[in-house]
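Open the structure in your viewer and switch to cartoon view.

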Amino acid sequence: MTGSEATPSFRLAYVPGVTPTKWVRIWNERLPDVPLSLVAVPAAEASALLFDGGADAGFVRLPVDRADLSAIPLYTEATVVVIPKDHVVAAVDEVSVEDLADEIVLHPLDDVLSWEQLPGRPAIERPATTADAVELVAAGVGVLAVPQSLARLHHRKDLTYRPLSGAPESRIALSWPQDRTTDLVEDFIGIVRGRTVNSTRGRGTPPAEKPKRKAPETGGARRKPAAGAGAGKGARGGAGGAKGAKGGSRGVKGAAGAKRGKPRKRP
């Protein structure tokens, strides 16, 4: 037996903005003997990491290559615009893409939004990362459109954000290699989908046992009378029989009376 077989483990990748804490906690409760390790990965490198075996499954941003990876879409993030707290946009509750027409909108190289047409005016140079773009926003160079989770991740006291309508949105999915859908991957899929420990999709509850649990042998018990009830009915039946017997006696007397009233034939 190899070491990996003796001590199984599960590696979970996640991209910036995703907080896997809840799912990791449930995993530790259900599979305490299988350690789960987290692997932080940039959004652009997540698919390659999974395909190369660097993680068993991961939270990624769509799209992914469906020819090699399976994916279960989980939720869609709202897009916001990150601005300085003293910016004029901070005075409104929501901003549209058209409202940014006169703004320099930073477009980092690791942007996760699929823009058909970038809003506002382009910067002279694209920042290398979202973190670099946030620093430029704080310096008053421009504004930045990102999924809300990234705005929270890079929160600063001197910055705020507002919902941005008319912008593309980012979707988060659970993904794993199609040819490596292991039992542990199935366990984690069940956790993410909210299945209970006793779910029929779980490995601990074989589907073949389900009909047995759903067909308890109680139907016959309901049709079979209880001993006391049967005795009572029998007693009542006996009383009825006695009445019937009395009725029969009267019938016999009646028949006798009928014979006495019948004229005899003379020879």
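**Start at strand S5**

Select Val 82 and look across to S9: the bridge partner of Val 82 there is Tyr 161. Keep in mind that this is a predicted model.

Now widen the selection to S5, residues 79-84. How many of its residues are buried? The count is 6 of 6, so call the strand mostly covered, with buried defined as under 20% relative accessible area.

For a landmark, pick Thr 79, which stands opposite Pro 147 in S8.

**Move to the open sheet**

Select S2, S1, S3, S10 and S4. These 5 strands form an open sheet in that order, with mixed pairing. Which strands lie at the edges? They are S2 (36-40) and S4 (69-77), and each pairs on one side only. From one strand to the next, the twist averages 20 degrees.

Zoom in on S1, residues 10-14. S1 pairs with S2 in the parallel sense over 5 bridges. Click Tyr 14 and find Ala 40 of S2 opposite.

Show H2, residues 21-30. H2 lies across S1, S2 and S3 (57-61). Its run makes about 160 degrees with S2.

Finish with H6, residues 183-192, which packs on the sheet. H6 touches S1, S2, S3, S4 and S10 (170-177). The directions of H6 and S10 make an angle of about 155 degrees.

Conventions:
Residues numbered from 1 in each chain as written. Predicted model: local features only at pLDDT ≥ 70, side-chain atom pairs only at ≥ 80, totals over all residues. Heavy atoms only, no water. Pairing = 2+ DSSP bridges. Helix = DSSP H or I, 4+ residues; strand = E, 2+ residues; numbered from the N terminus. Axes fitted to C-alpha atoms, helices over the stretch in contact; angles between N-to-C directions. Contact = heavy atoms within 4.5 Å. Buried < 20%, exposed > 50% of the residue type's maximum accessible area, 1.4 Å probe, protein only.
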